[in-house]
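Welcome! Let us walk through this structure together, one part at a time.

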Amino acid sequence: MFKIIEGDFKNNKYSNEQYLDNWPMLYILENGKQAYVGESTHAKTRMLQHSTSEEKKIFDKVHFIYSKMFNQSVTFDYESKLIQYIAADELFKVTNRNEGIADKQYYQKQEYDEKFSDLWRKLQREKLVKHSLEEIENSDLFKYSPYKELNDCQRQAVDSILSILERADVNKVVVNGMPGSGKTIVAVYLLKYLADSDEFAGKEIGFVVPQTSLRKTMKSIFKSIYGLSTSQVISPSDVIKKKYDILVVDEAHRLHQYKNISYMGTFKKNCEKLGLTTEADELDWVLKQSEKAVLFYDSMQVVGPSGIDFERFDKKIKAKESLHRRLTEYFLLDTQMRVMGGNDYIEHVKKLLAGSCTDKYSSDKYDFKLYTDFSKFKKDMYEKEEAEGLSRMVAGYAWPWISKKDGTKKDISIQGIERRWNHCTEGWVHTPEAIDEIGCIHSIQGYDLNYAFVIIGNDIGYDKSTNKVIVRPECYFDKNGKRTATYDELLSYITNIYYVLMTRGIKGTYLYVCDKELREYMSQYVEVEN
């Protein structure tokens, strides 16, 4: 079905097959370390054009990919696919720009999507790629790659943000989006585009990632992407070190204020260096140190008192008589990209945690079940992990972290089964130990799973007399998460935590609920696994 022919790009020597002159084809230029993927209906002519380009003179070989089933719609589509997968495969650093990557629809696309796996296996046999499509699709590099097929909503946001960054009258862009709407994907796509753009050449551009766990992952991704650098991925504290032309902030709701944090001394010194008091927060640092800021934000993912809640965020952004006197543009990412249950599932989770459900969830696209037997809950997780990978058990902070000081001890015991909390937060999801541990909010927020096995602890319950979801501060063990918090604030933080945990799973979410009354309430609106 697919034929791959090698050519000598450096010396312009190619074979004489007729289709090289007039047929839709794909090609891969490479030098053993870097690769460029392209398509053309006149492959030899295209090689002559490339040979005059300084950017392409680094290559010495070309691999032409031919199929009699190709038409130009297919080669456009396969070109995008190959760029995405080869970049995430990591055998080569892909030198393509990302402005042409888009979701393309055409006649018989589904059939061609299925045939792409045949092409990929052919490339594996030719030693042009090394990992399987399944392995790549479970990798962070693929999920957060700047070579993504953006949906219409994401594409419009990127195009609008780019036009705003060229304007002098707007200095702040706020992108709101629910979990799974592609905030991080848009952010990374934007950074790659800016890195490749001649217009933004020489600009000081930083990517602020508040979460330690996700920051390590992003550094690894930036290291693998041509044109990006690990030095661009910075913490909020790094922001104070120099001025930036553009700062892009992922998960801006995870920026901190001077409240319930473990690094108050460092925080205070950072404020002093910028001429600010501790009334300021890390959002102030970003706004003060950047000419333009792009902030990705979701108020429903604020999970503790130190976070930037909506009221505080909105006040800072709209402040008129302060150092933030800047015009702001707003965008909304409202299409669900992670969870296969789509926006209907997200809305159901919101209602479930708010105690306002009226209908039972049902979908042929998404698994959502409640377990009463913890041993089956655990067994099914291992089966999902074996079958599809990226299945993890996560929970609210309803048990103390005993193993932090003594690694021989277990933290959580349910129906006679003992587990320990995540042994680390940085990159925990992909560690070998993760499958046998339970991840907390700080180890999982920002990550995707295929299947999320969520334990809802006794920190949250249900009051039958009032028909309301309640929280129990005495059963919530995040000291910084509850110190100074009122009951209503704690209710918001804890339900937000479970909202985040229940929106990690791409293909399904499974619940084990510790509180009897809450379990009875939820079983009315979630299918029960017997």
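Rings of Phe, Tyr and Trp (its six-membered ring) pair if their centres lie within 6.5 Å; planes under 30 degrees apart count as stacked, over 60 as edge-to-face and the rest as tilted. The model you are looking at is predicted, so local features need pLDDT of at least 70 and side-chain atom pairs count only at pLDDT 80 or more, while totals for chains, interfaces and linings use all residues. Residues are numbered from 1 along each chain as its sequence is written, and side-chain values use heavy atoms, with hydrogens and water left out.

Next, find the open sheet. Six strands make it up in the order β8-β7-β9-β10-β6-β11, with parallel pairing. Strands (E, at least two residues) and helices (H or I, at least four) are DSSP runs, numbered from the N terminus, and two strands pair if DSSP finds at least two bridges between them. At the edges stand β8 (233-234) and β11 (328-333); each has a single partner strand, so one side of each is left without a neighbour in the sheet. Five bridges link β6 (172-177) and β10 (290-297), and Val175 has Phe296 in β10 as its bridge partner.

Helix α7 (183-196) packs on this sheet, touching β6, β7 (205-208), β9, β10 and β11. Contact here means heavy atoms within 4.5 Å.

Now move to strand β12 (367-371), which runs parallel to β20 and is joined to it by five bridges. Lys369 stands opposite Tyr510 in β20. Three bridges join β12 to β21 (527-529), again in parallel, and Tyr371 has Glu529 in β21 as its bridge partner.

What else does Tyr510 do? Among the 32 aromatic pairs is the one between Phe453 and Tyr510: their ring centres are 4.8 Å apart and their planes at 40°, so the pair is tilted. Phe453 lies in β17 (449-456) and Tyr510 in β20 (505-513), so the pair ties together parts that are 57 residues apart in sequence. Phe453 counts as buried at 0% relative accessibility, and Tyr510 does at 3%. Buried means under 20% relative accessible area, exposed over 50%, partly exposed in between (1.4 Å probe, protein chains only).

Key: Axes fitted to C-alpha atoms, helices over the stretch in contact; angles between N-to-C directions.
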